[in-house]
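Me: I'd like to go through this chain with you, one topic at a time. Can we start with a single residue?

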Amino acid sequence: DGSISNAIDQANFCNGPDSIIFYLPDSERNIVGKFVIQVQDNLPTFFDDGTVIDGTTQPNYTFGEIVIDGADDPNGGKLFNAFQIDDVGGTEIYGLHLRDFQIPIEGGIIGNIVVGSAEKGNIISRYDSIGIQLSFLQAFDQSRIQGNLIGIDEEGIVDGGGIIGIFLSQASFSANEPLLIGGTQEEGGNVISGNINTQVYIVSEADNIRISGNKLGTDLDGLNLPIGLEQDTAQIIGILVQTVSTDLFIDDITIGGDELGEGNIIAYNRFGIGLLGANIRRNAILRNRIHCGTQTGIILLQGANQNKEAPIIISATNQLIQGVANSLDIVEVFLNTPENCFNNQSSQGKIFLGRARADQQGVWALPGNFLISGDAGDCVTATATDPEGNTSGYSECLSIEFEEPTRDSLDVPNAF
């Protein structure tokens, strides 16, 4: 009958890969130029491998114009779920705006999955609880959640955002093909904002997940608080990684990365990143810009990341920042500034200044001609990552002194 429910049913009963495409007549556009498909019940569950649903197949497609709309419960909340994926792999979802659902995308016991891409992202907004919830993932081909707006729409407005943006539980991937949340290419990162509890929550057991190039808690540009969100209702945490049992482990989660563009912008959350549990190991936190939080930027609790110690900054000038850490640690140094923040906490890092490796004695130094204004409240802070990939919280923030450069101050080993 041409409905979205019928299309999913047809894909389920045709074994093997299927594509759901769109060819809606222009006469069905609403007053603001969008196609709105109103759902009258929960959509059918995807239970056949390889189903691709792609809103960008609509002729002359523009971002956000294919809207699949749930419904409000008169007693409060939302009535329906949208895409439910059960015991299948190869599902791909592109170019849709899913709004006014309890949980827009939910999957369990699934193989590889793709939600969005740099060229064909989705908008997932105005949900009750969780934007994307995936459990019991066992994937050997690369899965990705990429190019999406989650909790925020294409106008940059948070209107009834949910509790958690992305929820992952029991998610295991190979080291060669990790789950990618975000990406470094243009438009590859997600914007995940307006979720009152957590933007990205990884719980129970997981390994080989890379979170890079995203904006978490911010507006579309990553510069300010989203439209419609007041500071006194601030989001609690940008990324939370938590084990719930001594028998379960979360290993090898990379938040950010070594290369330019892999860092995330995490701002306007009370906490930036939280790791909670002794069985959380080798989780590297690299090149991220974490700022404008009312609490600490990185918090390690209950033995997470082997209780990795933060480095100590001994001295900081506009030409040379140096200190001590554990032997062979990689130390990343950041400028922390309260500019554009409501209640900035000093143990954060807004601007990445560079990295240095500690020598065998733990001494490190970062030279450079740092463009630092010296405004009141500006200071430098640092994290340390050991050779196994465990990253610490931030060091104490040290104020910056200004001096004229000399040849000796620029000739310092171990910076890179």
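Me: Is Tyr268 buried or exposed?
Reply: Tyr268 is buried, because its relative accessible area is 2%, and buried means under 20%. Keep in mind that this is a predicted model.

Me: Where is Tyr268 in the chain?
Reply: Tyr268 sits in the loop between β22 and β23.

Me: What is the phi of Tyr268?
Reply: The phi of Tyr268 is positive, about 65 degrees, although the residue is not a glycine. Most residues other than glycine have a negative phi.

Me: And what about the phi of Arg126?
Reply: Arg126 is not a glycine either, and its phi is positive at about 55 degrees. Arg126 belongs to the loop between β11 (123-125) and β12. Its relative accessible area is 25%, so Arg126 counts as partly exposed.

Me: Which residues lie nearest the centre of the largest cavity?
Reply: Asn269, Phe271, Gly272, His291 and Gly293 do, out of 15 lining residues. The elements giving two or more residues to that lining are β22 (265-267), β23 (269-276) and β26 (289-291).

Me: Which element gives the most to the lining of the largest cavity?
Reply: That is β23, with 4 residues.

Me: What does the lining of the largest cavity look like by class?
Reply: The lining of the largest cavity has 8 polar, 6 nonpolar and 1 charged residues.

Me: Now pockets. What is the volume of the largest pocket?
Reply: The largest pocket comes to about 470 Å³. Its lining has 26 residues, and those nearest the centre are Glu187, Gly188, Gly189, Val191 and Lys215. By class, the lining of the largest pocket divides into 14 polar, 7 nonpolar and 5 charged residues.

Me: What does Ile202 touch, not counting residues up to four places away in sequence?
Reply: Ile202 touches Leu168, Ile209, Ile211, Leu240, Val241, Gln242, Ile250 and Ile253.

Me: Switching to rings. How many aromatic pairs are there?
Reply: The count is 5 aromatic pairs. One of them is Phe13 with Phe47, edge-to-face, at 5.9 Å centre to centre and 85 degrees between the planes.

Me: Where do Phe13 and Phe47 lie in the chain?
Reply: Phe13 is in helix α1 (residues 4-13), and Phe47 is in the loop between β3 (45-46) and β4 (51-54). The pair links distant parts of the chain, 34 residues apart. Phe13 has 66% relative accessibility and so counts as exposed, while Phe47, at 45%, is partly exposed.

Me: And the pair of Phe167 and Tyr201, what is its geometry?
Reply: Phe167 and Tyr201 are edge-to-face, 5.5 Å centre to centre with 75 degrees between the planes. Phe167 is in strand β15 (residues 164-173) and Tyr201 in strand β18, 34 residues apart.

Me: Are Phe167 and Tyr201 buried or exposed?
Reply: Phe167 and Tyr201 are both buried. Elsewhere, Phe334, Phe352 and Tyr394 form one aromatic cluster.

Me: Last one, Asn390. Where is it found, and what is its relative accessibility?
Reply: Asn390 is in the loop between β33 (379-385) and α2 (407-410). Its relative accessibility is 1%, so Asn390 counts as buried.

Me: What is Asn390 in contact with, leaving aside neighbours within four places in sequence?
Reply: Asn390 is in contact with Arg281, Arg282, Asn283, Asn305, Gln306, Lys308, Ala384 and Thr385.

How values were computed
Residues are numbered from 1 along each chain as its sequence is written. This is a predicted model: local features need pLDDT of at least 70, side-chain atom pairs count only at pLDDT 80 or more; totals for chains, interfaces and linings use all residues. Side-chain values use heavy atoms; hydrogens and water are left out. On a 1 Å grid over the protein atoms alone, a cavity is a set of points where a 1.4 Å probe fits but cannot get out, and a pocket is an open set with protein on both sides within 12 Å along at least five of seven lines; lining residues have an atom within 4 Å of a point. Ala, Val, Leu, Ile, Met, Phe, Trp, Tyr, Cys and Pro count as nonpolar, Asp, Glu, Lys and Arg as charged, and the others, Gly among them, as polar. Grid points are joined across faces, edges and corners, and a volume is the space filled by probe spheres set on the points. Contact means heavy atoms within 4.5 Å. Rings of Phe, Tyr and Trp (its six-membered ring) pair if their centres lie within 6.5 Å; planes under 30 degrees apart count as stacked, over 60 as edge-to-face and the rest as tilted. Buried means under 20% relative accessible area, exposed over 50%, partly exposed in between (1.4 Å probe, protein chains only).
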